[in-house]
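Trainee: I'd like to go through this model and ask where the labels come from. Can we start with a contact list and work outwards?

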Amino acid sequence: MRYAVVTFGCRVNQADSLGFEEALIAAGATPAPPEAADLVVVNTCSVTATADQGARQTIRRIARDNPGARIVVTGCYATRRPDEIAALPSVARIVRNDDKPKLIPLISLPSPASASAASALSAASAVSSRSSSGDGPCGSAIEPGIAGRTAFTLRVQTGCAEPCSYCIIPSTRGAPRSVPIADVIAEIDRVVAAGFKEIVLTGVHLGSYGRDLAPRSSLIDLLRAMCRATASPETAILFRISSLEPMDCSCEIVDLVATSGRVAPHFHLPLQHASDRVLAAMRRPYTIGYYARLVDEIRERIPHAAIGTDVIVGFPGETDDDFDELTTYLEHSPVTHVHVFPYSDRPGTIASTLGNRAPGTVVRERARIVREIGQRLARRFRGSQIGTTQRALTIDDGSVAVTGNYLKLTLTDPPALHRNVWVDVRVSSDERGRLVGAVTRY
């Protein structure tokens, strides 16, 4: 059987999709482009209306280009609006987020020869829940490069109970659930044994990790356990934290990143807005003063750290003065990457009931302005790294490397390397101003 997995949205979806691919490969399936696959799994996002639209368009295109494909749809959009998904062509099954661990055995493979594969898929499905012991049938299926990725995305938590007024995700992902520390460590052992050298830690509300466990735990407990479990000098592993809400990024976590050598100096801390009035309307549990102190502390403690953020423009009631507060803060902040979201109504959220909306032309212009600020901040950060030497992991064919602080460098005169090799690189820029790296050690 030939398969394809198409993934939209966050790193949690990426982690889930990687689990699907592992199980399919272990059962004897082979990857193929969606237009040539017998089975296509579409893992959807629903954070914005644009994400919904993108999923619908993709499903229609697959059905048009490959009429014989069986399309299985999962993810947040499939959970929130299964009726809309069911109306699309060639959709054979819809799998809600809560049933993702059972997605593979739920699929009825089309040919009699696939019966044994179905049994293997059922046994393999534990991998997609990220709680296997590492001894299952998928253990030999993974290697760096699966799904085109050099780093392994590891989901340790799902669900969210935060009351953000604009967000639909708590209703599509459910209450917070954490993978016990022992199971996470077992999965890390399996992934390291398979040859991976970078693991990206992810969750829907990662900072809430462990609060639902008995006994209660925390993200810093997990991070410390991960560092202890990989403390051997022979274990050349780097952990990267995907995203943390500002109120969850504790001093202990910042200290661990600064001192451990095992956790990448890379933070993603969603701001959403810099007006306290708008933050309160969004039901975000911090002020701009709190956020500014946090990122200033990170910059002081870890001068070379990357600090990414998310920003929403056009939230109901956002005034010109509110927007000025946002742009003024960003221009002078230590933030290095900005992801801009024009506000998108999600029916069922508190924000969708609010009035005083800015016209679409105004929202689009505000988004353009913030994107330009983000580009300036990114250029400033990249420029500050020229002349430094960074540890980086090669990706793709070995001619490109990604540093711990999230710089993507084309290697100049690279040695004969391949994907997934640690190198030390001296950062510079080429004649077009793009960052490049000269390998000084590997």
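Mentor: Thr158 touches Arg173, Ala175, Pro176, Arg177 and Val204, leaving out residues up to four places away in sequence. A contact here means heavy atoms within 4.5 Å. Bear in mind that this is a predicted model, where local features need pLDDT of at least 70 and side-chain atom pairs count only at pLDDT 80 or more, while totals for chains, interfaces and linings use all residues. Residues are numbered from 1 along each chain as its sequence is written, and side-chain values use heavy atoms, with hydrogens and water left out.

Trainee: Why is Thr158 called buried?

Mentor: Its relative accessible area is 8%. Buried means under 20%, exposed over 50%, and partly exposed in between, with a 1.4 Å probe and protein chains only. So at 8%, Thr158 is buried. Thr158 lies in strand E6; strands are DSSP runs of E with at least two residues, helices are runs of H or I with at least four, and both are numbered from the N terminus.

Trainee: What makes Arg155 and Asp16 a salt bridge?

Mentor: The closest N and O atoms are 2.9 Å apart. The rule asks for a side-chain nitrogen of Lys or Arg within 4 Å of a carboxyl oxygen of Asp or Glu, so the pair at 2.9 Å qualifies. Arg155 is in strand E6 (residues 152–158) and Asp16 in helix H1, 139 residues apart. Arg155 and Asp16 are both buried.

Trainee: How do you know that Arg177 and Asp98 form a salt bridge?

Mentor: By the distance again: their closest N and O atoms are 3.3 Å apart. Arg177 lies in strand E7 (residues 177–178) and Asp98 in the loop between E5 and helix H5 (103–106), so the pair ties together parts 79 residues apart in sequence.

Trainee: Why are Arg177 and Asp98 called partly exposed?

Mentor: Arg177 has a relative accessible area of 34%, and Asp98 comes in at 49%.

Trainee: What about Arg366 and Asp320: buried or exposed?

Mentor: Arg366 is buried at 6%, whereas Asp320 is exposed at 54%. Their side chains meet in a salt bridge at 2.8 Å, N to O. Arg366 lies in helix H14 (residues 360–384) and Asp320 in helix H13 (residues 320–331), so the pair ties together parts 46 residues apart in sequence.

Trainee: How many salt bridges does a search of the whole structure find?

Mentor: It finds 25. Salt bridges that share partners join Asp16, Lys100, Arg155 and Arg173 into one network.

Trainee: What makes H1 largely enclosed?

Mentor: The count of buried residues: 13 of its 16, so the rest of the structure largely encloses H1. After H1 comes Gly28, with a positive phi near 100 degrees.

Trainee: Why do strands E2 and E5 stand at the edges of the sheet?

Mentor: Five strands form an open sheet in the order E2-E1-E3-E4-E5, with parallel pairing. Strand E2 (30–31) and strand E5 (91–95) each have a single partner strand, so one side of each lacks a neighbour in the sheet.

Definitions and conventions:
Pairing = 2+ DSSP bridges.
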